[in-house]
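Please open the model in your viewer and keep the sequence panel beside it. The tour below moves from one selection to the next.

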Amino acid sequence: MEVVLRPSIHRWQRLCVNASRQHTYQKYLHSGSTKYATPVKYPNVAGPPPQPPQVPAGEPEDTTARKQKQAELLRKGQALKPNPAKPASVLQKRFWKDVGVVESEDGLQILLDNRPVRTASKQILTLPKGKRGLATAIALEWDLLVSAQQALKQNYIFLTSLTSRAVDIQQADGQGETKIREDIIKMMMRYLSTDTLLCWAPEIDVNDATGMHASHQGEQPTATLREKQIAIAEPIIAHLKSHVFPGIEIEPILEENSIMPRSQSETTLQVIKGWLHGLPPFELAALERGVLATKSLLIAVRLLVDWSGQFKHLQPEDHARKFGIAQAAEASTVEVTWQTSMWGEVEDTHDVDKEDVARQLGSVILLVT
């Protein structure tokens with residue numbers, strides 16, 4: 001006989017009643033409807049961008065005090081010892097009185113009293129006899145030094161460092177070593193892939209402030225950045241294609257609305273690389289300095305060809321038409337000039353960079369003439 005145990009019906013009813021009597025008490029902080037914040041639109045200000053900031057004209061006493069402070073900082077910087085192992089008295093003195101240029105059997109040498117100027121590799125700095133202007137400029141560079149400490153800084157002996165580079169290349173070529181020349185050419189070919197002269201702004205720029213300003217003033221819109229870049233680049237490229245690298249194509253390296261550069265054709269690369277391999281040592285060193293100054297191989301080549309004695313057959317007879325320092329500096333700083341014309345220059349920044357570029361390009365011309 002099967003027995004089934006079931007709970008009592010009364011007990012089951014009591015459990016249901018007790019469960020129904022258990023309530024959850026809740027208290028609300030508010031009983032109103034939820035209200036969401038309404039976002040405010042970003043204000044659109046009509047009109048052109050503000051005018052470039054102007055440097056306020058201070059009192060003469062303020063300008064004098066600022067220059068005196070700068071001079072004091074310069075004197076303190078010159079008093080620092082670059083090498084603690086050497087006594088300060090030796091570095092702070094100028095151990096030579098006169099600077100001169102003498103002609104020896106090997107070439108021109110710069111003498112500090114009776115001591116010849118040497119390169120970083122301890123070799124006597126000897127220039128070709130036809131470069132008397134460069135030798136005189138180096139002598140003037142050393143004559144302007146006030147201490148031996150300044151001779152340890154490259155920015156004080158700028159031409160000496162550049163000429164030493166050319167002499168090192170010349171000695172390496174004479175010994176059959178090609179590493180220095182190959183490294184320089186490899187570096188300059190990398191600059192060609194991002195050449196300043198071939199990087200143009202997009203055709204349509206929604207953030208072009210020049211057009212906004214002209215339309216607000218009721219004037220004719222000025223040229224865009226791309227138009228200025230093309231106007232400066234095309235004559236340089238045309239000259240190189242017709243006189244220096246005939247038969248090759250040089251194309252812009254940026255596609256429309258793209259930041260990824262495209263490389264030149266293999267024929268163009270091989271022709272330019274072969275031309276670089278054939279440069280004499282002084283021209284190669286000058287071209288290296290020009291590329292580093294302008295961030296452009298094409299601008300540096302244009303400057304070199306118009307001033308080097310090795311390319312007299314390519315130079316115009318009218319010296320006024322030469323591609324000089326001003327033209328090379330303008331071609332390498334189109335974008336910076338375009339921006340500063342709208343927003344103004346930063347003191348002790350843009351003006352210093354402008355003079356530094358001119359100085360470096362001037363050293364290129366001095367080295368090859």
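Is Arg302 buried or exposed? In this predicted model, Arg302 counts as buried because its relative accessible area is 11%, which falls under the 20% cut-off. To see its setting, select helix α11, residues 297-307, where Arg302 has its place. Then display the residues that Arg302 contacts beyond its neighbours within four places in sequence, namely Ile236, His239, Leu240 and Phe323.

Next, select helix α6, residues 179-192, together with helix α9, residues 266-277, which pack at an angle of about 145° with their axes 10 Å apart. The crossing that α6 and α9 make is right-handed. Showing side chains here, you will find Arg181, Glu182, Ile185, Met188, Met189 and Leu192 on the α6 side, meeting Leu269, Ile272, Lys273, Leu276 and His277 of α9. Coloured by type, the residues of this contact divide into 7 nonpolar, 1 polar and 3 charged.

Finally, zoom out to the whole protein chain, whose secondary structure comes to 14 helices and 4 strands. Of its 369 residues, 34% count as buried, and the accessible surface of the chain comes to about 24,400 Å², with 55% of that belonging to carbon and sulfur atoms. Among the contacts in the chain with a separation of 6 or more, 66% are accounted for by residues 24 or more positions apart.

Notes:
Residues numbered from 1 in each chain as written. Predicted model: local features only at pLDDT ≥ 70, side-chain atom pairs only at ≥ 80, totals over all residues. Heavy atoms only, no water. Axes fitted to C-alpha atoms, helices over the stretch in contact; angles between N-to-C directions. Helix = DSSP H or I, 4+ residues; strand = E, 2+ residues; numbered from the N terminus. Left-handed = near helix turned anticlockwise from the far one by under 90°. Contact = heavy atoms within 4.5 Å. Nonpolar A, V, L, I, M, F, W, Y, C, P; charged D, E, K, R; others polar. Buried < 20%, exposed > 50% of the residue type's maximum accessible area, 1.4 Å probe, protein only. Areas by Shrake-Rupley, 256 points an atom, 1.4 Å probe, with all protein chains shown as cover.
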